[in-house]
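New notebook page, new structure.

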Amino acid sequence: MQTPQLLIDIFDYLQPLLGWLAGFSLLTFILSLVLIPLVIGKMPQDCFVTLHKGASAQSKYSFGSVALSIFRNVLGLVLLLAGILMLFLPGQGLLTILLGALLISFPGKQKLIHTLVRQPKIQQSMDWIRRKRNKPRFFWPEP
């Protein structure tokens, strides 16, 4: 039995795409291994308890503050999407989603972050990373 030409064409089309996906997966995996412990080590010990206070509203917007806000949201969106991909590919998906959500400004952010940080696996992973970096454990919000 001979393979239909359509399947051969589809395979020829998908082969480079799969190569790019494998490369992207490897890159995000390596970056997550390097950057996530660095970021978690720099976070304040009480950041999840004091998160609900939020940032104070600014009366004036400068070019720098708007540019920083755009950069934070774009970086957060990239981390959020990479974290979602890492749920299926190698990497620290939930931690990457959490870090991305911390950077992005959107309605319901506080509820999402509190839902994520109440997960025992998230708390254990983040405290383990802090311990490896010789930092004190996080203070976690009360249930």
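I started with what covers the buried residues of α5: the cover includes α1 (5-42), α3 and α4 (109-117). Contact here means heavy atoms within 4.5 Å, and helices are DSSP runs (H or I, at least four residues) numbered from the N terminus. This is a predicted model, where local features need pLDDT of at least 70, side-chain atom pairs count only at pLDDT 80 or more, and totals for chains, interfaces and linings use all residues. Residues are numbered from 1 along each chain as its sequence is written, and side-chain values use heavy atoms, with hydrogens and water left out.

Which residues of α5 are buried? I found I122, M126, D127, I129 and R130. Seen down the axis of α5, they fall within an arc of 155° (taken from the directions from the helix axis to the C-beta atoms), so they line one face of the helix. On the face turned away, I noted the exposed residues K121, R131 and K132. My cut-offs: buried is under 20% relative accessible area, exposed over 50%, partly exposed in between (1.4 Å probe, protein chains only).

Just after α5, N134 has a positive phi of about 55°.

Next, the whole chain. I counted five helices and zero strands. Buried residues are 26% of the 143 in the chain. Of the contacts between residues at least 6 apart in sequence, 67% join residues at least 24 apart.

Last, L94: I placed it in helix α3 (residues 93-103). Its relative accessibility is 42%, so L94 counts as partly exposed.

Conventions: Helix = DSSP H or I, 4+ residues; strand = E, 2+ residues; numbered from the N terminus.
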